[in-house]
Amino acid sequence: MTNRRARTYAVCAVKLDEDHTDAAEGTFDAALTNALVAIVAKEWSGKERKKGKTFTKSASELLELIRKKARERPDVVKRVLDEPDVFLIRDPHAEERNLTVEEHHAAEASVASIFSGPWPAPKPYETRVDVGTLLDALEVTQPVRHAREDKDETEGEPRALERRHVEALLALDAHPSLGALDMEREDRFEGSAQQQDAREREQAGQTLQRIGEEEADRRAAAAADLHTGPTADDPGALELQECPVCWHEAFSSDGQDELCMQVGYGECLVCHYRRSPAIANALAREREWERVWARD
């Protein structure tokens, strides 16, 4: 159940991070409610449900619960001094992680000196819950979700979600019950790249049909003269590779995947299929998995 809530939160929150200006109220509410239910269920199991009921509390009730816990359990939830309606939920494993960092500080320093930059600062282990901003966001979303008249409509334009509302929503991902945004962003990026690659393959196939076999063979023969392979100045450049669309040895790479598995990104000089770096990296990961499985 928690995984489903985290997944729903991530899908909706990433969409809002990309664009929160177009009919985003329902998406925001879905993300916020699923995130808060996951957090409260993890911290205070059972408190996410209405007393004597099987269904969960609303987002506003869960936010009020977090406020209340700051008074009852200041060791778990603490109020931010200079931001009176912002609360931090502690990570129960933070002390263990900090101890590990301290123990290995000298080793990290010696390794860091090998590279050009310093080690990044450790991420905070507390979950920031901006109750005031999130409750304000609910005041914006509820009239739209329930087709109610906004009390401010008679005085001008109705209120809309603001970037600060989305930032407060994204901050909840720091909680151990969530931690799903990076994976969702990666999945969306790779999914978009796969869709673009499918379009590239389809267009290249149409080009291949249009130019015919004779012209394709002529272009393949000329490809070696057009491609700049490994040179003294660039010994890491790739030779011509087989195109996955026309199957000619005519794929000219501009570079290769980040795992250095010899998967090029660039353009076929026959059918003009273009492979993006994202697809090259995905193919390289597949090859690496195959290599690992074969070895094991």
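**View 1. Gln 262 in the loop between β5 and β6.** Gln 262 of this predicted model lies in the loop that joins β5 and β6, where strands (E, at least two residues) and helices (H or I, at least four) are DSSP runs numbered from the N terminus. Although Gln 262 is not a glycine, its phi is positive, about 65°. With a relative accessible area of 43%, Gln 262 is partly exposed; buried means under 20%, exposed over 50%, and partly exposed in between (1.4 Å probe, protein chains only). Most residues other than glycine have a negative phi.

**View 2. Cys 260 in the loop between β5 (249–256) and β6 (264–268).** Cys 260 is not a glycine, yet has a positive phi of about 55°. Its relative accessibility is 55%, so Cys 260 counts as exposed.

**View 3. The largest nonpolar core, of 44 residues.** Such a core is a set of buried Ala, Val, Leu, Ile, Met, Phe, Trp, Tyr and Cys residues joined through side-chain atoms within 4.5 Å. Tyr 9, Leu 32, Leu 169 and Leu 172 have the most contacts inside this core. At least two of its residues come from each of α1 (2–18), α2 (25–43), α3 (59–72), β2 (83–89), α6 (131–145) and α7 (163–171). The largest share, nine residues, is supplied by α2.

**View 4. Another core, of 15 residues, apart from the largest one.** Its residues include Ile 211, Leu 240, Cys 243 and Cys 268.

**Notes.** Residues are numbered from 1 along each chain as its sequence is written, and side-chain values use heavy atoms, without hydrogens and water. Local features need pLDDT of at least 70 and side-chain atom pairs count only at pLDDT 80 or more, whereas totals for chains, interfaces and linings use all residues.
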